[in-house]
Amino acid sequence: MQRRDFLASMGLVGVQRLLNVPRSSSLLNFGLMDTQDHIGTLNEGLWPCPLVLPIPAETGGVKQPCINLDGKWQINATAPGEFWSEPPESEGWADIAVPGQADKQGIAIRRDVLYAYRTAVKIPEDFAGKRVFLRFESVSGIATPYINNNPLEPHRGGFTIWSREITYHVTAGEMAQVAIGVLDPIPAHWNCGFDSGGISRSVQLIALPQNYMTRLHIETELDKDYRNALLRVKTQVQRTGTASSYLELHLVDPHGEAVSLPQSRIAIATDEPVNSEIPITTAVKWDAEHPNLYSLEARLFVNGVHEQTIVKKFGVRKIELSGTKVTVNGMEIKLRGGGRFDSNPLLGHTLSAELCDEEVRIFKEANLNYLRPACYPASEAYLEACDRYGMYVEGETAVTFTRDTESDPEFTSLFVDQMAAMIEANRDHPCILHWSLGNESSYGINIAKTFEYTRQVDPSRPVLFSWSHSIPPDKPLPFNIYSYHYPDFNGDLAKAGVNFFNGGGKMSRPIPEMPILHDEFAHGPCFDFDELKRDPNIHNFWGESIKLFWERMYQTRGCLGGSIWAVVDESGMGSHVYDWGMVDLWRRKKPEYWLMKKAYSPVRVDDKAEVVAAPGKALALAVANWHNHTNLNELRVRWSVNRDKGEVTGPDVPPGESGEIIIPARSWKPGEELSLVFVQGERIVDEYIVPVGAHSAPQAEGDSKTNVHCDLTEDKDRFTIAGSGFKLTVDKLTGGIQADSKGKRLIESGPSFHLIGTDMEPWTLDSVTAKQDNESVVVKIEGHHGGGVQVKFHLEVRGDGDVSLHYELPAFNLKAPELKLVPWNQTSTGGFSEVGVSFSLTPQIDRLEWKRAGLHSVYPEDHIGRNTGVAMRTKQGIVTERNKKPDHPWSDDQLDFNLFGPNDKGGRGSNDFRSMKEYIEYASAQAGEGGPCLQVQSDKSQAVRLEVEGALPDGNVKLIVNDLWNYANLGLGNYMKEPINVRPGFSGKVHLRLG
C-alpha cells in the first residue's frame, strides 16, 4: 500500500511512463489518487493556495519550537522496495550532508530512479500535547516522507516550502525515524531542468499549539503623497473546537521605537482569513537605497493564554507601473542587476544563511540594486538579506527551459501550485519587485493559467515571462514587463525584441508600450574556452561591455535596466563549473566585479578630462547623480591631493540631476591628481582620480635620449651588435635575434609575426642584412610563412639599448574567421584575435611591470587591469587545491581545474602575469629584481601579453606586442571590437628598450 501511495505521488505522466500506461488514460482507472498538494490548502480565488507554515518565534510551553534538522543524514541512490523500514545496519546507505546536492557529494543519483534519505530525530519532551510538523524548504522532484514507517502525503516540485504534520506518528521524548523517497523526473516530463539533486534547503521540526497561525501577511498602501500608510494585515488560524481566540499585534518602527496602534487586538472566530487595516502616519518608507524595516509581532491568545508568537519584518513601499516606467514610492527606478543561482562549491544549489548574507552584502557593495535568483525561487534567508541590505528581487517560479509540459493540462496543477507556494511564502518581502512565470520556456495554457492566478492574488506587483517574444498573436500577453535576454550592446534597449540565437530574431507579434527589462545581458566570459585559456584579460575586457550597456540603459527611456548573467559562478553537474560570474564559487572577487561596480556607480564623475583649478581657490567638479532615491547630500566625499586631505558633505543633488562638488581652496599645482572617495555609511560607493591642471602654460619636454654609439661585427654565422650594457646577435640562417643585457641572456629568439585566428606555416628566411648607420645599426629581415604570408622586419638598434622595430606584410592571403550567430554559446564576431610581433625571452623572466591607460582611473591593487603594477609569474606560498577555499586573490591563481582539467599542474604563471595589458605607456618583462628586462614603450595604442611556452616551470616566456586585438568569441550581445581583417601592406611599429 505504501508503495502504491508513492507511485501516486509521481503524477500522471511519471506513473504512465513507468507502467506503460497510455497518456490519454486517467490515474483514477488505476486506483491512484490525484497528487495535488492539498494538505492544509488555503482558499485563494482561482486556485487553492498551498499552506506555508510560518516559523514560530514562540510556542507556549516549548523552549525551542523550531529545531533545525540539517546535518548528517543517510542516502541510498537506488532505494530498495521498503526503504522506510530498513534497519540501520542495512547495506547501500551512505552518509550525506543535508542540505546539499547529492551528486556534488559523490552520490550518483539518476533521474527517474527512486532514491531515499533517512535520519533519526529525537522529539523533545516539551513537544507533548503540541501539533508537530516536518517543514521542508526544498526537496526536488516528487518527494514522499515517512515517519516511523508511516507514509505522509507526497509533494511535487522543488524550491518551494511545504510541511507535513506528524503529530499522531511520534511520541514526545522518543526517537522518530524519518525517511524520504525522492524521484526526479526527466526534464521532458517535468517543468524545471534544475529540479533534481534531493534536499537542497533546510529541514525543520516544528511544535505548534493546538490552535495555531497558518498565515500572517502584511500589505502596505501609501497615500497619494507617499507619506501616510495603511497596513493590511491578513491572518488565519487553524482552530480546534470553539475556543475563544484573538491576536495581539505589536509594531516596532525601523528606528526601534514602538508604534502605537489604534487597534492592536484582532478577534479570531473562524478558520477563514481575517483582514485588518492599521493606519501609520508619516511612514518610514522602504526602498533599495533606504531599506527601512518595520517589525510586526503577532501573539495568539486562546482562552486568555498566550499560545504562539510570529514575528514578521516588512517594508512600507508602493510599486506602480505607468507606461514604460516602474516607480517605487512615486520615483522612477532603474535596475542595476545581476542574475545568479544558488551556488555552493561543495554542496551545489545550497546556501547557508551566512553565505546568503555574505553574497547579498558583496553585491550591495558593488552598487547593485537588483538581483535575479534565476530559474527557481530564492530561499527565505536570501530574501531576508535582500530586505535587510536593500535589493530589489525578481521572484521567479521553478519553470525553466520547458518545452514539453507547458501546454499539457495534466501538468497545470504542478505549474500553478509552485507559483502559488512561492507567492504565499514570499509576498511579504519588500524586496520582491515583480514575479516571473519562468525562464526561457515555451508558452502554453499552463503559463496562461499561472499568470491569471498571479494577477488575482497579487495585483500589486508586475509580472514578466521569458520568453516574452513567443506569445501567439491570438493569446493575451501573460506579462506587463517585457523580458529581453541578450540584447546587442548597440541595439535599441527600449524596444521589445529577441536575439537571433534565442528565436532566430523573430517576434511573434507587436508588443504594446511597456517597460523593457533585459534580465539577462552582458554575459560573463564563460564559453569562449580558447580565449579564456589563452588570456585572462578577457575578464577585464568585458568591462567595456558593462560600461557601454549601463550608460545606454540608464539614459534610455523605456529601458527598466538589466541583470548581468551572471554574478556568481555556477556549480554545475559533477566537478564542472560555469565560470561566468563576477565572483567565483568561494565569493572571491574576479576582475569583472570591480568593472561591474564602476559601471553601476550611481555617482558619475568624468575622470578623463583635466579640471582647471586656480591656485588658492576652491575647485568645482561636475557630478551627476544616478541614484533612484538618494540625494548626494546623504553621502560623504573624502578627498586628497598629495599630503592634503579632507572630507566634505556631498552636494545637494537630487536623483537624476547634476551639480558640483566643491573642494576647499588650496595651492593647486599643475600635474596633481585629486583623489575622491564617495562614502555612504560604511560603504564605499565609488572612487575616482581626477587630473588637475592649473592656469600656467605647459612646459615643453626636452629630448632625453643620448646618442650612444653601438658597434657592428660580422662572421659567417651571425651579425653582432654591441652597445652600452648589451649585446645582440642576428642569426644569418634563421633571421632570429638573441640579446644579452647586464651580462645575462634576455632574448632567446624573434622577432616573429604574431597572429591568432588561423594557422600559419613555419617561418622561412629569405634574406637578412645589417649595416652601420651613424650611431645606430639597421637590421633588415625578410621571410615568409608558406605561400600565405610575407613579412619584412626593419630594426634600428641604438647604443643605449633602444630598438625601433617596423614590420610590414607585403603579402597576406590568409582568411580570417567568419561571423557566427548560432549556437548561442558559440557566437563570434569573426576576424582575427591578435595581430602583432613576438619575442621568446629567457625562462628567468619572473615579473611584468607596466603603466597603462585603463578604462577607469581607480582599480584595486590586485586587479589584473590596474593602471600600474607588477605581476609576478609565481608567488611563494600560493597553493590551490580542489574543494578548498583559496586564501589568495583570483589574480594570483596559477591553476584552473575547470579550464585545464582536474589534474592541472599549472606552469603557465599567475592570472596577473599572463593577462594582456592593454593601452600601455610601457610594459617591462624582467628577470628577477634588478635583473635584465625588455621594455615595450608605446603611445597607449598597443597591448602586451606574456605567455609561458609549453606551460613549463622552466619554459621560455613569449613577449607579445599586439597592434590589433579583439575577444571575438565573447559574444552574447557583448561589446567586441570591429572584426580584425589583415590586408597586404599591413604594417606596425614597436619601440623596445633593452635594460
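Which side chains meet in a salt bridge with an N to O distance of 3.4 Å? They are those of Arg 604 and Glu 551. The legends below describe a predicted model, in which local features need pLDDT of at least 70, side-chain atom pairs count only at pLDDT 80 or more, and totals for chains, interfaces and linings use all residues. Residues are numbered from 1 along each chain as its sequence is written, and side-chain values use heavy atoms, with hydrogens and water left out.

**View 1. Arg 604 and Glu 551 form a salt bridge.** A salt bridge is a side-chain nitrogen of Lys or Arg within 4 Å of a carboxyl oxygen of Asp or Glu. Arg 604 belongs to strand 34 and Glu 551 to helix 9 (residues 538-555), 53 residues apart. Helices (H or I, at least four residues) and strands (E, at least two) are DSSP runs, numbered from the N terminus. Arg 604 is buried at 15% relative accessible area, whereas Glu 551 is partly exposed at 21%. Buried means under 20% relative accessible area, exposed over 50%, and partly exposed in between (1.4 Å probe, protein chains only).

View 2. Two strands pair if DSSP finds at least two bridges between them; strand 34 and strand 36 (residues 619-625) are joined by 2. Arg 604 has Ala 624 in strand 36 as its bridge partner.

**View 3. Strand 22 takes part in two hairpins.** Strand 21 (residues 319-322) runs antiparallel to strand 22 (residues 325-328), with 4 bridges. The turn of this hairpin has 2 residues between the strands, and Gly 323 there has a positive phi of about 65°. The hairpin of strand 22 and strand 23 also has 2 residues between the strands, and Asn 329 takes a positive phi near 55°. Thr 327 is the bridge partner of Glu 320 and stands opposite Glu 332 in strand 23.

**View 4. Asp 357 and Arg 388 meet in a salt bridge of 2.7 Å, N to O.** Asp 357 lies in helix 3 (residues 353-365) and Arg 388 in helix 4 (residues 380-389), so the pair ties together parts that are 31 residues apart in sequence. Asp 357 is partly exposed at 22% relative accessibility, and Arg 388 is partly exposed at 41%. The whole structure has 56 salt bridges.
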